[in-house]
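Reader: I would like to learn how to read features off a structure. Please show me one.

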Amino acid sequence: MRYRQLGSSDLQVSEISLGSWLTYGGGVDDGRAEACVAKAFDVGINFIDTANVYARGKAEEFLGEVLKDRPRDSYVLATKLFFPMSNTDSGLSREQVLKQIDASLARLNTDYVDLYQCHRYDWDTPLDETMQALTEVVRAGKARYLGFSEWPPEKIQEAFDLPGVEKFVSSQPQYSMLWRGPEHDVIPLCAANGISQIVWSPLAQGVLTGKYAPGQPAPADSRMSSTQMGTFMGRYDDELLARVQQLRPVADELGISMAQLALAWVLREPNVASAIIGASRPEQVEDNAAAAGIELDDATLQRIDEILADSVSYEGAAS
């Protein structure tokens with residue numbers, strides 16, 4: 001495993017990190033989920049990402065249980081807030097920031113998180129109120145650093161320019177061979193301001209692993225077949241799946257898996273500190289972790305671009 005500095009923080013995070021969206025605390029049974037976490041530590045992953053809304057708190061509770069006997073300084077723990085936790089609890093107001101950090105810490109069974117992230121931008125709360133509240137959280141020792149996910153560029157800059165508040169060190173955008181929107185504005189802006197990317201869905205919900213063949217039913221144990229985990233996979237049609245299959249010879253010639261090819265592609269970007277994987281089996285964790293340190297030459301990158309031409313999205317931040 002290799003490690004990269006997270007923005008202007010003093011955190012060193014593994015190039016591959018373990019996420020819990022749609023998986024732990026709900027989509028994957030606890031036994032397999034615990035085996036995935038154990039394998040992550042075995043292969044050198046030190047960065048674990050979750051959110052209060054994942055499985056409505058159950059992902060945090062699961063992690064709080066499986067991590068409780070590990071030294072707290074042996075891993076970097078990140079969580080998020082914004083999405084509704086109840087009919088009255090959502091957003092980034094001061095009240096919510098202070099309430100949700102305490103609730104997350106209780107579920108995670110820890111005194112602090114290393115990274116506290118705004119899961120989306122809150123258009124109903126003044127930015128200054130949000131940043132002042134987040135600053136209180138850091139200065140109270142409940143979070144070491146701050147981050148955001150899928151914020152519009154103008155709000156990233158506005159937050160950076162606010163005086164007297166803690167600065168963001170991380171951005172969490174969707175980013176993959178198929179979804180390249182952050183390259184246009186978010187990555188350059190963040191690179192100029194000491195903010196690293198922690199990217200989600202680098203395997204495009206598993207599509208870039210090649211497990212989904214055009215015209216064929218999805219494997220029974222895959223995310224696409226799961227009622228709990230397959231909600232966000234409707235936009236991957238047979239034409240795109242056929243293009244992805246053309247990446248297989250590229251991976252084969254390099255002696256790596258298609259998942260490793262996709263992860264190495266994301267990690268080619270210097271501003272990316274870590275790529276979040278959402279594994280449901282420990283074997284996936286091991287395969288994905290082996291992508292750390294793989295370097296793709298210019299000819300390979302050009303070949304990937306040619307294969308995926310007209311299948312790539314350059315849209316901005318996700319909703």
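Reader: Which exposed residues are carried by the face of α11 turned away from its buried side?

Author: Some ground rules come before the reply. This is a predicted model, in which local features need pLDDT of at least 70 and side-chain atom pairs count only at pLDDT 80 or more, while totals for chains, interfaces and linings use all residues. Residues are numbered from 1 along each chain as its sequence is written, and side-chain values use heavy atoms, with hydrogens and water left out. Helices (H or I, at least four residues) and strands (E, at least two) are DSSP runs, numbered from the N terminus. Buried means under 20% relative accessible area, exposed over 50%, and partly exposed in between, with a 1.4 Å probe and protein chains only. On α11, the exposed residues of that face are Asp-298, Ala-299 and Glu-306.

Reader: Which residues of α11 are buried?

Author: Helix α11 spans residues 298–308, and its buried residues are Thr-300, Leu-301, Ile-304, Ile-307 and Leu-308. Seen down the axis of α11, they fall within an arc of 125°, so they line one face of the helix. The arc is that of the directions from the helix axis to the C-beta atoms.

Reader: What do the buried residues of α11 pack against?

Author: Contact means heavy atoms within 4.5 Å. The buried residues of α11 pack against α7 (238–245), α8 (248–254) and α9 (258–267). After α11 comes Asp-310, with a positive phi near 70°.

Reader: In which sense do β6 and β7 pair?

Author: Two strands pair if DSSP finds at least two bridges between them. Strands β6 (residues 113–118) and β7 (residues 143–148) have five bridges and pair in the parallel sense. From β6 the chain crosses through helix α4 (residues 127–139) to β7, a right-handed β-α-β crossover. Right-handed means that, with the strands pointing away from the viewer, the path from the first strand over the helix to the second runs clockwise.

Reader: How many bridges join β7 and β8?

Author: Three bridges join β7 to strand β8 (residues 168–171), again in the parallel sense. The crossover from β7 to β8 passes through helix α5 (residues 153–161) and is right-handed. Gly-147 has bridge partners on two strands: Gln-117 and, in β8, Ser-170.

Reader: How many disulfides does the structure hold?

Author: A disulfide is a covalent bond between the sulfur atoms of two cysteines. Here the test is a pair of cysteine sulfur atoms within 2.5 Å. The structure holds zero disulfides. For Cys-118, the nearest cysteine sulfur is that of Cys-190, 13 Å away. Cys-118 is buried, at 0% relative accessible area, and Cys-190 also counts as buried, at 0%.
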